[in-house]
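Let's look at this one together and ask, at each step, what the label rests on.

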Amino acid sequence: MSDDKKTRADEVEGRAAQSLSRRNLLKGVGLTGAALMTAGSGSLSAQSAGAMVSPARIPVREAFETLTALESANLDAFASRIIPSDENGPGAHEARAVHYIDRALAGAMTSSREQYGVGLASLEDYSMQSKGTSFHLLPESEQDAIIEAMTQNAIAGYATLNSGFFNMVRTHTIDGTFSDPYYGGNRDFIGWDLLGYPGVRAISSPEEVSQGSSLAPSRQSAYDMPIHTKDPVEPGSSSTGGAAHGH
Amino acid sequence: MATELPKTDVVVIGLGAVGGVAVLPLVSGGLNVIGLEAGGWFSTRDFAPDEVRNNLRDWPQQVAKAKNEIPTSRANINFEAAQGGGHPMMNGVGGTSLHYWAQSWRLNPWDFKTVSETTRRYGANRIPVDSTVEDWPFSYQELEPYYDRVEYALGVSGNAGNVNGSKQANGNPFEGPRARAYPMPGLRSSGYTDMMSDAARQLGWTPFQGPAAINSEVYGNRPGCFYHGYCDRGGCHVSAKSSTAVTTIPEAMKSGLLKVVTHARVLKILNDADGRVTGVEYLVGNQVLIQPADAVMLASHTYENSRLLLLSTSRQFPDGLANNSGQVGQHYLSHHQGAPVIALFPKNLNNWYGLPAQGVAIDEWADDNFDHGDLDFIGGGNLWTYTDRKPISAAKMSTFDRVPNWGSKWKAFIRENADRTNVSYIQKTTLPYRGNYLDLDPQVKDKLGFPVIRITAEHRDNEKRIAAFTQDRMEEWYRAAGAVQIVRTGLGGAMGASTHAYGGTRMGNDPTTNVTNAFGFADEAPTLGILGGSVMGTSGARNPTLTAQALAWRTAEHL
């Protein structure tokens, strides 16, 4: 179910206009907010017709927005070594941190696009030259050795494979793994579960706070909350979405 | 060609934390006020619990005007000043009060009389060499009624420590006397803050919940805090945070005397042949407009207050408005609020929900609350520890040198410890010094071609000694609460651009060392009022906003 939620969040952002009209349609059948986010994907008509039934898992269909196929494969391998999938659960690959980075590079992080292009190209060049194959095809132990050397600024002849590049990728891998799923990563709330963060909520009572990581996760994006969506305010309703009356 | 508009009584430049307060006493005095604000209106719908938007992409910094005017910064004249990535300014109705932590302290009475009190108690030679610090032109008692008005007009929660000289339980034992209690009790405690309070009592200290411009219960038509955890750089989704956008500005608009003009960028303050200000010139879209007024209240950020004066040149003021004395930009300081201590605890702290203003304060080591006879500094620091944790910043926690910062070992470490760390917040007495100042950058310009402000300033020995001393106290506190490992950070250097920026248009009795008189009006241009941290000559050891707001109310009322 949460897989579908993730996919829906992507679509809502990527196709705001369609999403709005779909949302208004769904409102007609009593589905808004979180319910909308868990509904299956597909065409507008299929959406409204199938919204009430629990859908099967929908395959992810989406294009990379800025990264090339090779860049994304190498970056995903890199991110997967920073936050690996292991005995402590899934990692950056499963959380789709690279999807977050790809989208951000087309928008808020455009200024980093060049640095990614240059760094990932050097990573490929170095891997091909020293190991005879692409970085993402190397065994994990060899990937780790290259990353370790990068953090030590110990890769001679490849000026951009340095700790600065590593730190940038590390930062953005963390951002993508632990961010609100609205932005394309933290799929299935993998990142928040890893930390024991019980998720965004509009209000927290002392009893809820005191449960810490044992509190049942909210399993929602900030933008599942009706007051923060792009839906226009209903005539006559408060601009605070009614939440101001709750305390 | 500029279009001249009908004259008004008062123009307020900037409807933020201070301009947004000043409009209320201005309209109460029956004056017609035009408020020019460079940003627009935000609503609760804009304020989602979103760490990417608030803290990574830093929405307050993306506002159109301020992001093109990022100050350059250098430690001293031996360096080339450079623009950093960020800035602390904000455009929008409510300004920084939309997204600030909202800690709303009154300064300690000592902060008003640092020179005379230090001299009386320890001797004149204890004022740091090169400091240009002066006593304020009045005492805490003069400002007390204005603190009171702002606390009630905005809605400030807190536990009084001293009502008319009578000490109160649960409050700050060192605060100056107040006429009455806060309008609301302090924000609630949490398991973590209770643990830290217990530890402080073991050390013989007096912990208390600090004051905040955040409702702890229903106040007027606004609810109490929802404690959802996205207050830091976040606007409030239920308007429990008492920003001027939901308090004094709408209250002033009810009078019909306040006209708000948004997306208005002031280019210049105008003056006549006698040196009196006559209004302002501003830009909306591609239109240049002139708004004549009898008085102008300059209420932008500290950096922009000095900058706009320096850019407002005329025959009467060739070096900038009100700057024939050469004092605009002088006595600048950024609050020393860095150099935190970071603790690791052996158990989860349950800090996933909460806010920076929900914390515990220790004032034993602030101001002159302790004997400095055998110490090599004056002043001190307020120790603050608080609840606030968000997932991305939690994952970027210190590794305490226990693991590398990537890979399976690191992942196991953050899985175990994400909710077991805490970073302190220690605000320290910071003084003005010769050599620390603001001026116009000789090279870097904004998109309209105007120079940005240049910060030349660094912390000196007095601040660094306070930092080292208070880090010791903070470590004691964390250890008493059961912390198993401590990391300390560097003691300070270049001041850089700060949310807590003071000076540049200092207030004082001596017109040769100050820009404004004791009421906040420019010595050289008496109908120009200047509002904000830019008039403050000392920082104290606590957040500046409430003091700047109280001063703004007083200046506005005096007009």
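Q: How many residues of chain B are in contact with chain A, and what makes them count as contacts?
A: Bear in mind that this is a predicted model. In it, 42 residues of chain B are in contact with 42 residues of chain A. A pair counts as a contact if the C-beta atoms lie within 7 Å, so these residues have a partner across the chains inside that cut-off.

Q: Which helices of chain B supply at least two residues each of the side that touches chain A?
A: They are helix H2 (51-56), helix H9 (391-395) and helix H10 (407-417) of chain B. The largest share, 6 residues, comes from H10(B).

Q: What kinds of residue make up the side of chain B that touches chain A?
A: That side divides into 18 nonpolar, 15 polar and 9 charged residues.

Q: Which residues of H9(A) are called buried, and why?
A: They are Gln143(A), Ile147(A) and Met150(A). A residue is buried if 20 or more other C-beta atoms lie within 10 Å of its own, so each of these three meets that cut-off.

Q: How many helices and strands does chain A have?
A: Chain A has 12 helices and 0 strands. Of its 247 residues, 40% are buried.

Q: Which members of the largest nonpolar core touch the most other members?
A: Among its 171 residues, they are Val12(B), Ala22(B), Val296(B) and Met297(B). Helix H12 (residues 545-558) of chain B gives the most to this core, with 7 residues.

Q: What does Ala22(B) touch, not counting residues up to four places away in sequence?
A: Its partners include Val12(B), Met297(B), Leu531(B), Ala552(B) and Trp553(B). Apart from this core lies another, of 28 residues, with Ala199(B), Trp365(B), Ala366(B) and Trp384(B) among them.

Notes: Residues numbered from 1 in each chain as written. Chains lettered and ligands numbered in written order. Predicted model: local features only at pLDDT ≥ 70, side-chain atom pairs only at ≥ 80, totals over all residues. Contact = placed C-beta atoms within 7 Å. Helix = DSSP H or I, 4+ residues; strand = E, 2+ residues; numbered from the N terminus. Nonpolar A, V, L, I, M, F, W, Y, C, P; charged D, E, K, R; others polar. Buried ≥ 20, exposed ≤ 12 C-beta atoms within 10 Å, placed from the backbone. Core = buried A, V, L, I, M, F, W, Y, C linked by C-beta atoms within 7 Å.
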